[in-house]
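Dear colleague,

Please find below the structure that I am handing over to you. Kindly look through it before reading the notes that come after it.

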Amino acid sequence: MTAHEETETSHAGRTAAAMHHTAAQLEVAEAILHRSAAQTPNPDTADRLDSLGEQVTAQAHDIDRRADRLAGPPGPDPAPHQRSLPGHKTTAPGNSDDSEVA
């Protein structure tokens, strides 16, 4: 793989990760909308909130699908200690503390 291809892959991977994060945040918003709909005394408001929640969910799923296409076929699943981003704390194999893994 050329340096240019590696850079393109790296950018695509970061973009896909950001898209998946956005979709996850939309799912949180969707849950809040449905919870609000269940708590409102006004049936019309509840219907609008539920409808908006469904629209948000559809957008989140669409973003996830596009991110999956952007990232390409999945590679091998990394070992658990390799899944976190650089600089984030994780537990390395054999360690029971939260030391930072390089």
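The notes below describe the model as a whole, then its helices, and then particular residues.

This is a predicted model, in which local features need a pLDDT of at least 70 and side-chain atom pairs count only at pLDDT 80 or more, while totals for chains, interfaces and linings use all residues. Residues are numbered from 1 along each chain as its sequence is written, and side-chain values use heavy atoms, with hydrogens and water left out.

**Confidence and overall make-up**

The pLDDT is the predictor's confidence in each residue, on a scale from 0 to 100. Its mean over the protein is 77, and 62% of the residues reach 70 or more. Over residues 78–102 the pLDDT is below 50, and this stretch has 19 contacts in the model beyond near neighbours in sequence. A contact here means heavy atoms within 4.5 Å.

The protein has two helices and zero strands. Helices (H or I, at least four residues) and strands (E, at least two) are DSSP runs, numbered from the N terminus. Buried residues make up 17% of the 102 residues. The word "buried" stands for under 20% relative accessible area, "exposed" for over 50%, and "partly exposed" for what lies in between (1.4 Å probe, protein chains only). Of the contacts with a separation of 6 or more, 44% are between residues 24 or more positions apart.

**Helix α2 and its ends**

Helix α2 covers residues 43–71. The expected span of a helix is 1.5 Å times one less than its number of residues. For the 29 residues of α2 this gives 42 Å, and the end C-alpha atoms are 42 Å apart, so the two values agree.

Just after the helix, G72 has a positive phi of about 80 degrees. The buried residues of α2 are A46, G53, V56, T57, A60, I63 and A67.

**The nonpolar core**

A nonpolar core is a set of buried Ala, Val, Leu, Ile, Met, Phe, Trp, Tyr and Cys residues joined through side-chain atoms within 4.5 Å. Which residues make up the largest one? It consists of six residues: A16, M19, A23, A60, I63 and A67. Both α1 and α2 give two or more residues to this core. In soluble globular proteins, nonpolar side chains tend to be buried together.

Leaving out residues up to four places away in sequence, I63 touches M19, T22, A23 and L26. L26 lies in helix α1 and is partly exposed, at 25% relative accessibility. With neighbours within four places set aside, L26 is in contact with V56, A60 and I63. Although L26 and A60 are 34 residues apart in sequence, their C-alpha atoms are 5.8 Å apart in space.

E30 is found in helix α1, which covers residues 3–39. Is E30 buried or exposed? E30 counts as buried because its relative accessibility is 15%. Beyond neighbours within four places in sequence, E30 is in contact with G53, V56 and T57. The C-alpha atoms of E30 and L52, 22 residues apart along the chain, are separated by 7.9 Å.

The side chains of E30 and H34 are joined by a polar contact of 2.9 Å. A polar contact is a pair of N or O atoms within 3.5 Å; within protein, one must be able to donate a hydrogen and the other to accept it, and residues adjacent in sequence count only if both atoms are side-chain atoms.

T57, in helix α2, is buried as well, with a relative accessible area of 13%. Apart from neighbours within four places in sequence, T57 is in contact with E27 and E30.

**Salt bridges**

Side chains of opposite charge can pair when their charged atoms come close. A salt bridge is a side-chain nitrogen of Lys or Arg within 4 Å of a carboxyl oxygen of Asp or Glu. How many salt bridges are there by this rule? The count is two.

In one of them, D62 pairs with R65, the closest N and O atoms being 3.9 Å apart. D62 and R65 both lie in helix α2, three residues apart, about one turn of the helix. R66 also meets D62 in a salt bridge, at 3.2 Å from N to O. Those two residues are four residues apart in α2, again about one turn. Through shared partners, the salt bridges join D62, R65 and R66 into one network. D62 is partly exposed at 26%, as are R65 at 46% and R66 at 36%.

Yours sincerely
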